[in-house]
Amino acid sequence: MSKNGAPDGGPGVEIDENLHSRQLAVYGREAMKRMATSSVMISGANGLGVEIAKNVILAGVRSVTVHDTATVTLSDLSAQFYLSEQDQFGSPSRGFCVHLCRGHQDVGRNRAEACREKLQELNTSVAVHAAAGPLTDDFVKQFQVVVCTTANLVEAKRLNALCHSAGIAFIWAQTRGVFARVFTDFGPSFTVYDVNGEEPHSGIVASVSSGSPAIVTCVEDERLEFQDGELVSFSEVVGMEKLNTHGPFKVKNCKAHSFELDVDTTGWGEYVRGGIVVQVKEPKALAFKTLEKALPDPGEFLLTDFSKLDRAAQLHVGFQALDQFEAEAGRPPRPADAADAAKLQSLAEQVNAALPAGAAKLEAVDGGVLAKLAHCASAEINPMAAMFGGVVGQEVVKAVSGKFHPIFQWLYFDSIESLPDAEQLTAADEYKPMGTRYDPQIMVFGRTMQRRLSALNLFLVGAGALGCEFLKNFACMGVGCQLPGGAEPGKVTVTDDDVIEKSNLSRQFLFRDWDIGSSKSTVAAAAAQKLNPGFQVLPLQNRVSPETENVFDDKFWQGLDLVVNALDNVNARLYVDSRCVYFCKPLLESGTLGPKCNTQMVIPRLTENYGASRDPPEKQAPMCTVHSFPHNIDHCLTWARSEFEGLLEKAPREAASFLSKPADYAKAVRANPDASARQQLESVAEVLLDNRSTTFEECIKWARMRFQDYFHNRIAQLTYTFPEDATTSTGAPFWSAPKRFPRPLNFDAADRSHAAFVQAGAVLRAEVYGIPRPAWASDASKVAAAAAAVDVPAFVPRAGVQIETDPKADRSKPSQTDRTHDDEAIIESLLAKLEAAAQQLGSAFKLGPIQFEKDDDTNFHMDLIAGLANMRARNYSIPEVDKLKAKLIAGRIIPAIATATAVATGMVCLELYKVVLPGKPLEAYRNTFANLALPLFAMAEPIPPKVTKHNELSWSLWDRWTLEGDLTVQQVLDWFSEKGLSAYSISCGPALLYNNIFPKHVERLNKKMSELVVTVAKMELPAARDHFDVVVACEDDAGEDLDVPLVSIKFR
């Protein structure tokens, strides 16, 4: 990190874990503490500068100073979203009225001053300042990072030289239309503490050989991820203890389940058992060159697009020519100006000729690329500002935290494919400004593009982090926005059924504290309208799913031009994808995971769909491992979450269901009196009979007995059944890796972890029964003292207890040992007791099942789960974790940061331009995977859909065959026969309407398909619906099955 930073983060820095939980999952506490002591200056409050500022403020640095000497013009509103046409910010009111424009409120003001208050709203913990004076040496030296987005080459060199000598990280970034340049200089000696942000790789040792090199074999539980040359350390090795104390060791010859150590272990003793091996992540030192030195000797460029291997070198020369053009002319090249383009190319050739022989020198300047750079040079567009606001914002975070590898040192990018076709670029009138906020975009893409954007009917699915960014981008781009004097605009429909939580505020930047609890889509739509009063946006609160097809019906989908997904789960994405395929609508897909993001373009008839390829399912630990043989904290937390839900949610809810209608409940159980029903009733009895709590003291007793059962009795029984020297049927040690031999715990009121467990357990038990919590319950030591006074029976092990050891066993079903011949008798006995208890309790008695909520630190949910997991970890000598780490794992929190979200949405919006102007070929589109931590950008053209051919026919997943008329089954079969296809089966949903192997189905041949759909498939055909869909199974002439498209029968 930069020299002026504070590596230890400072002693008094506190991180708001509820606000930053998703970000903490990416950066960790130490990096965030370093960030919280750092001051950043961003010179240039244009679109790019404010996007960077937004992301850095959300990340949580100490202060951000936005500097600019320019005043606001109307065209600034094209990419700078915090400049408004009227004063609409600063009030908690989120009214939905779009006010009449009272003049351009910010026009004429200093750009930095105009947006300071709005930036401050993003994070009140960050001091946001505006500056408009000269950048003197003393002023600049107070910052740890300096970012310049509008400085010319001379000023950039001056500031960079100052920063380089003072140990200040310096970033120079520009976007010009669809082109971008980023330069970084973090000083002559910069340390990266964590190069990639990934968890260290690890393995469980199975054996270690004696000698040189030592061969280490690991259990075949998971594939090892070690790479040759990495360092590893050992712990818990028995019999070759020097492995635990010496090292770290360099590894080589790494394989799936083994590797070699570059060390001689002769004389270290014989390996006996055990051992964990973990990758040691080394810091990396980088020496940056100044801008003055890096221009002629740029080193290796960061590649972004596999189809443009030499593009970065072309742009390195092109941008230097652009710097020279502006220095000489006092202005950038004009759009669609052939003379300016020719001059820029001439300057580029001069720059190239003057370069020393080497990597930076081109064989020839690409005139086509230079012409497009000249066309774009005078304009800033929102998608590029958004994308590079994320890229550069991440570089700022790297500079102040030392987390992740910085750009070293040049990044060039272009999206030439987003531009209109070459012949359109010659029509100068097309690119003339119209006197609107969209003029910079018009100068790049033309008036035709702007009119098409205005007329778009777009469906945005999701209003979370991605959704907020998309709405901001659409408002700036003019998607569904009224053009002055233009035709009726389209609109953006946004839907999200979720409400705003505090943890959303660190990256879902349209939301504020006062919005917590409100609908995401409603608040986001209102906030986006304030960014652009002409934005036509309709918020809905419906989940897009089969259950809401009455809302998102055929008419709705048919009226759309484009769908953009902003979702966070695969199933929802697959459903939207299926709808887009069905209605032949373009789908722009994106997602993020920590510093990683991806985009996928789904274009009708050009590309495969989202569902064509899927990630493999997440590997689940065997249930016997989770329940009896955990060997890492994830297993302990999985078990803890399961126990929490069973004790406090499922069992009380089942009991409440019984109490609501005891007779009906009993009838249902008696109808199927098996082991599952018995177990279900036993959970109800646990809540309502012997263990029912009526006072807080009884809740403490319950928590104390739970501690005893979980962490002493069960463990003692396990080690009684399988002693430490137990062997398997083959004579191998039972407790061999990855199994860890456990030891029971004895309750100790003085142990803070024990006290916290019984406190959380008692508080939540009381909540289930509606028992008032006494004031002293907030003192864990007093609760622990009461727990210590509980009379706990001595444990006596039982012989013959069956403990599941089969990794393939399914614990969701009762095991053989759970089943008894007395199930029915036990059920009847329990029902009698429960029915009597229901009478005694009366209708006034209510239970409050607790649904797990991870983001409220005052509700004791995570306290109990962390306590359960850590006590279990202590049983098995597994390292314990703090409550935050427990929350991340047990709460299944998806790591998320604002920078990756901004990059993903910017890239998607660059693709949106391609969709809007029809006729772009497949090779113009890009799917992207980016990892800002490395950094890595991998862009490639999408995969085309699979095409099936038969005789004269050809089809892909995008085809749907429509048959007109209220046809009979025979008529459908005949239609296929005419195509040379033998149809033998027709189904609708799960119902089989016809199959030629069933003799009775012959009777259906002359029946109307619409009649069979109603009578056999039980489908309703409302008056508004004119068609239904069926799946037809076919064979070709050779009797081979052919997958044919879905068939729509348009019967009305």
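A residue counts as buried when its relative accessible area is under 20%. In this predicted model, Cys 163 has 0% relative accessibility and is therefore buried. The same cut-off applies to Cys 376, which is buried because its relative accessibility is 0%.

These cysteines also raise the matter of disulfides. A disulfide is a pair of cysteine sulfur atoms within 2.5 Å. By this rule the structure has zero disulfides. Cys 163 takes part in no disulfide, as its nearest cysteine sulfur belongs to Cys 148 and lies 7.3 Å away. For Cys 376, the closest cysteine sulfur is in Cys 909, and the 17 Å between the two sulfurs is too far for a bond.

Another cysteine has an annotation in a database record. UniProt lists Cys 624 under "active site", in an unreviewed entry. In the model, Cys 624 sits in helix H18, which covers residues 623–628. With a relative accessibility of 5%, Cys 624 is counted as buried too.

Searching the whole structure gives seven cavities of 30 Å³ or more. The largest cavity has a volume of about 90 Å³. Its lining includes Leu 302, Leu 303 and Thr 304, along with Tyr 412 and Phe 413. Two elements give two or more residues to this lining, namely helix H8 (311–329) and strand S15 (410–414). Sorted by class, the lining of the largest cavity has six nonpolar residues, four charged residues and one polar residue.

The second largest cavity holds about 70 Å³ of space. Among the residues that line the second largest cavity are Met 907, Leu 910, Glu 911, Lys 914, Arg 926 and Met 939. The elements that contribute two or more residues here are S15 and helix H28 (898–916). H28 provides the largest share of this lining, with four residues. By class, the lining of the second largest cavity divides into seven charged, four nonpolar and one polar.

The two linings can be read side by side. Asp 305, Lys 308, Phe 413 and Asp 414 are among the residues lining the largest cavity, and Asp 305, Lys 308, Phe 413 and Asp 414 are also among those lining the second largest cavity.

Open spaces come next. The second largest pocket has a volume of about 1300 Å³. It is lined by 44 residues, of which Arg 579, Tyr 582, Arg 960, Asp 1029 and Leu 1046 are the closest to its centre. At least two lining residues come from each of helix H16 (554–558), helix H17 (570–583), strand S26 (960–964), strand S29 (1028–1035) and strand S31 (1046–1050). H17 gives the largest share, six residues. The lining of this pocket divides into 18 nonpolar, 16 charged and 10 polar residues.

An unreviewed entry places the feature "domain: Ubiquitin-activating enzyme E1 C-terminal" at residues 925–1047. Over residues 925–1047 of the model, 37% of the chain is strand and 14% is helix.

Terms used:
Residues numbered from 1 in each chain as written. Predicted model: local features only at pLDDT ≥ 70, side-chain atom pairs only at ≥ 80, totals over all residues. Heavy atoms only, no water. UniProt positions renumbered as here; feature names shortened; annotations may be inferred. 1 Å grid on protein atoms, 1.4 Å probe; cavity = no way out; pocket = protein on both sides within 12 Å on 5 of 7 lines; lining within 4 Å. Points joined across faces, edges and corners; volume = space filled by probe spheres on them. Nonpolar A, V, L, I, M, F, W, Y, C, P; charged D, E, K, R; others polar. Buried < 20%, exposed > 50% of the residue type's maximum accessible area, 1.4 Å probe, protein only.
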